[in-house]
Amino acid sequence: MTKASSKTRFLTITTIALASIIGASAAHAQSKYGAIAYSSSTGAKGYSYNYSTRSVAQLYAQRECEQRSGRGDCRVLVWFRNACGAVATSQNGAYGSAWATDLGSAKNIALNSCRNYGGSYCTVTAWSCTDR
């Protein structure tokens with residue numbers, strides 16, 4: 001093997017290795033978004049997950065909520081990226097929302113948020129997670 005062919009082979013292997021690393025990093029960096037919308041007048045909820053942008057995730061959550069509510073008052077309470085979101089509600093009208101990297105934490109934070117807004121007997125009534 002000549003020096004020129006060794007150099008060419010080294011450059012080819014290096015290029016392939018770098019392309020693999022860059023491709024893997026790009027795939028890992030891809031974000032997935034989700035959202036949860038809520039109607040305070042009817043209690044209807046809508047959720048979304050695994051969308052490529054925040055705005056699309058919010059749109060789909062709000063649309064689903066509006067289809068269930070029919071009142072036109074749904075609003076997105078929480079959006080999340082590569083994570084989970086949760087909404088907790090109370091019979092007295094209080095509600096709270098949260099996001100976290102795991103579902104258990106998102107639920108607990110939403111429950112605490114509901115209680116902080118005067119909720120009694122708060123329960124998690126909607127949750128969603130992306131595939132990350």
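Which residues does Y117 touch, not counting residues up to four places away in sequence? In this predicted model, residues are numbered from 1 along each chain as its sequence is written, local features need pLDDT of at least 70, side-chain atom pairs count only at pLDDT 80 or more, and totals for chains, interfaces and linings use all residues. Side-chain values use heavy atoms, with hydrogens and water left out.

With that exclusion, Y117 touches A94 and Y95, where contact means heavy atoms within 4.5 Å. Y117 is found in the loop between α3 (103–116) and β6 (123–129); helices (H or I, at least four residues) and strands (E, at least two) are DSSP runs, numbered from the N terminus. The relative accessible area of Y117 is 64%, and the residue is exposed. Here buried means under 20% relative accessible area, exposed over 50% and partly exposed in between, with a 1.4 Å probe and protein chains only. A distance of 7.3 Å separates the C-alpha atoms of Y117 and G96, which lie 21 residues apart along the chain. Just after α3, G118 has a positive phi of about 90°.

Buried positions in α3 are A106, A110, L111, S113 and C114. Because they cover an arc of only 160° around the axis, they are on the same side of α3; the arc is that of the directions from the helix axis to the C-beta atoms. These buried residues pack against β4 (84–89), β5 (95–100) and β6. At the start of α3, a side-chain oxygen of D102 comes to within 3.3 Å of the backbone nitrogen of G104.

In α2, the buried residues are A57, A61, C65 and S69. They are on the same side of α2, because the arc they cover around the axis is only 95°. An α-helix has 3.6 residues a turn, so residues three or four places apart point the same way. S55 and Q67, on the other side of α2, are exposed. The cover over the buried residues of α2 includes β1 (33–38) and β2 (45–51). Just after α2, G70 takes a positive phi of about 75°.

Terms used: A polar contact is a pair of N or O atoms within 3.5 Å; within protein, one must be able to donate a hydrogen and the other to accept it, and residues adjacent in sequence count only if both atoms are side-chain atoms.
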